[in-house]
Amino acid sequence: MKRALFPGSFDPLTLGHVDIITRAATLFDEIIVAIGVNADKKYMFSLEQRKQFIEDTFKNEPKVKVVTYEGLTVDYCKAIDVPFILRGLRNPADFEFEKAIAHTNRDLAPIETVFLLTSAQTSYIASNIVRDVIRNNGDYTKLVPDAVRLNN
Ligand code: ADP
């Protein structure tokens, strides 16, 4: 069974994440969406809310599981025996950032990072922009799935 871990903050889940997860579900048997817990980071949505958004969005997709984890992503992959990390690429900045992380991860463990290129329709969507729109009472509904819209 081919399993991939999709790590991130998901603060909140956006249509960009949904696109990557949905397309990865055609390539892997299981996608483990892993919410990284970083005690030093301030989040807009609580861990429970972020988890709920993902679970609600993929309630009819048995291939998608949601977990939370602390520490290094590769250590978590080793602990649950997952050989692939999934990441999305939007632009050259993502590429440079992801390249450094993927090379470092490969130094740390024999885990392969698989990249999916963003879809044209969602390439501009980022959680930090969604948070900004929410904070300033803008219409963020076109950027997120129903579960985030309805529970916020
Ligand atoms: P981080 O907190 O590490 O930035 P995010 O939770 O924002 O993580 O994103 C997790 C993953 O989703 C990353 O690989 C990121 O590149 C990807 N991603 C986010 N938005 C999009 C998008 N619009 N299209 C494709 N990939 C995306």
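Is Tyr76 buried or exposed in this predicted model? At 17% relative accessibility, Tyr76 counts as buried, where buried means under 20% relative accessible area, exposed over 50% and partly exposed in between (1.4 Å probe, protein chains only). Residues are numbered from 1 along each chain as its sequence is written. Because the model is predicted, local features need pLDDT of at least 70 and side-chain atom pairs count only at pLDDT 80 or more, while totals for chains, interfaces and linings use all residues; side-chain values use heavy atoms, leaving out hydrogens and water.

**View A. Tyr69 and Tyr76, a stacked pair.** Searching the whole structure turns up four aromatic pairs. Rings of Phe, Tyr and Trp (its six-membered ring) pair if their centres lie within 6.5 Å; planes under 30 degrees apart count as stacked, over 60 as edge-to-face and the rest as tilted. Tyr69 and Tyr76 have ring centres 5.1 Å apart and planes at 20 degrees, so they go down as stacked. Tyr69 is buried too, at 9% relative accessibility.

**View B. Arg50 over the face of Tyr43.** Here Arg50 sits 3.8 Å from the ring centre of Tyr43. For a charge to sit over a ring, NZ of Lys or CZ of Arg must be within 6 Å of the ring centre and within 35 degrees of the ring normal.

**View C. Helix α1 (15–24), largely enclosed.** Helices (H or I, at least four residues) and strands (E, at least two) are DSSP runs, numbered from the N terminus. Seven of the ten residues of α1 are buried, so the rest of the structure largely encloses this helix. Those residues are Gly16, His17, Val18, Asp19, Ile20, Ile21 and Ala24. Where α1 starts, a side-chain oxygen of Thr14 comes within 3.1 Å of the backbone nitrogen of Gly16. That makes a polar contact: a pair of N or O atoms within 3.5 Å; within protein, one must be able to donate a hydrogen and the other to accept it, and residues adjacent in sequence count only if both atoms are side-chain atoms.

**View D. The largest nonpolar core.** A nonpolar core is a set of buried Ala, Val, Leu, Ile, Met, Phe, Trp, Tyr and Cys residues joined through side-chain atoms within 4.5 Å. Elements giving two or more residues include β1 (3–8), β2 (30–36), α2 (47–57) and β3 (64–69), but α1 gives the most, with four. A second, separate core has eleven residues, among them Leu5, Ala34, Cys77 and Ile85.

**View E. Helix α5 (127–135) and its buried residues.** Ser127, Val130, Arg131 and Ile134 are the buried residues of α5. Looking down the axis, they fall within an arc of 100 degrees (taken from the directions from the helix axis to the C-beta atoms), so they line one face of the helix. Part of their cover comes from α1. Just past α5, Asn137 has a positive phi of about 55 degrees.

**View F. Thr118, in the loop between β5 (112–117) and α5.** Thr118 is buried, with a relative accessible area of 16%. Its side chain reaches the backbone nitrogen of Ser123 at 3.4 Å. Contact means heavy atoms within 4.5 Å; residues up to four places away in sequence aside, Thr118 touches Asp19, Ile20, Arg23, Leu89, Arg90 and Ser123.
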